[in-house]
Amino acid sequence: MSQVVVTVMPRKGVLDPQGQAVRGALTQLGFDGLGEVRIGKRIELDIAGDDPVGTARDMCERLLANALIEDYTVEPA
Amino acid sequence: MTRVAIVRFPGSLDHDSAARAVAGMGGTAVEAWHGEPELPAGTEAVLIPGGFSYGDHLRCGAIASRSPVMGAVGRHAAAGGRVLGICNGFQVLCEAGLLPGALRRNATLSFVCRQMDLEVADADTPWTGGRPRGAVLSIPVKNNEGAWYGDPASARPVLRYHGEDPLGSVDHIAGIANEAGNVMGLMPHPEEACDALLGSMDGELVIGGLLR
């Protein structure tokens, strides 16, 4: 088994209201000089086989990410 | 008596109110189970109701859209059969690729539950009961992820929010159809506007698209 980490993020240009709300709260706490805040998700997968990264990429294409609104990266842990 | 299959996923919530609306208009509602590779025998139209299929995990509608019954729904749609997705059902149809776009978190970051005015944007589909373009229907919304996102040029907008749109949909889109018009999805709940006691009967104009 190899562990693979998938990161799914809202695509640039797609409104991320969650990130905006967190940005507002951080600014209110006094954190100045804050640019954009974006929130995504991290998925850890234990995968058997010769090509765990390729398998994870296939999983992203078929289910884990929606290409219309999300980008993803796949890395071995 | 049109036979309408209402799909039930784990977490479907509005199956019973959808069945009541179909029956109230003279249709026959039958249940389609998510794990079955075929629709019930004799199915003439399909309704995917609202709810929180698979707990909204990963993305709303994503897991349900990959379930066995959706292959049969896709074949039914490809053959020209009518399919209506309401709320989570709309999300499932988008995730399945039967309708363009995706539904995202509401701009307010809150669950929005209220009666809405919807404007008919396209009078030439079966889903607005022949009401002219610009006519206003009163139908409630209740959702957390109801902001439609996509290229409006790739969609066929059928209903738009009239006036304020707290969800933040692109072009105020409330409901869209595929190009042929036989597949329709909307975030508002027409099955909750089919009884005078609920303040509006306008939902029958949408549900009627399954029955004509």
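Where in chain B is the place of B:His172?

1. B:His172 sits in the loop between strand E9 (156-161) and strand E10 (173-177) of chain B. Strands here are DSSP runs (E, at least two residues) and helices are DSSP runs (H or I, at least four), numbered from the N terminus. This is a predicted model: local features need pLDDT of at least 70, side-chain atom pairs count only at pLDDT 80 or more, and totals for chains, interfaces and linings use all residues. Residues are numbered from 1 along each chain as its sequence is written, while chains are lettered from A and ligands numbered from 1 in the order in which they are written.

2. Check phi at B:His172. It is positive, about 55 degrees, although the residue is not a glycine. Most residues other than glycine have a negative phi. B:His172 counts as buried because it has 20 C-beta neighbours inside 10 Å (buried: 20 or more other C-beta atoms within 10 Å; exposed: 12 or fewer; partly exposed: in between; C-beta atoms placed from the backbone).

3. B:Asp56 also deserves a look. Its phi is positive, about 60 degrees, and B:Asp56 is not a glycine. The loop between strand E3 (45-48) and helix H2 (62-65) of chain B holds B:Asp56. With 18 C-beta neighbours inside 10 Å, B:Asp56 is partly exposed.

4. Now chain A. Strand E1 (residues 2-10) runs antiparallel to strand E2 (residues 41-47), joined by seven bridges (strands pair if DSSP finds at least two bridges between them). E1(A) also pairs with strand E3 (residues 70-76) in the antiparallel sense, over seven bridges. A:Val4 has A:Leu45 as its bridge partner in E2(A) and stands opposite A:Pro76 in E3(A).
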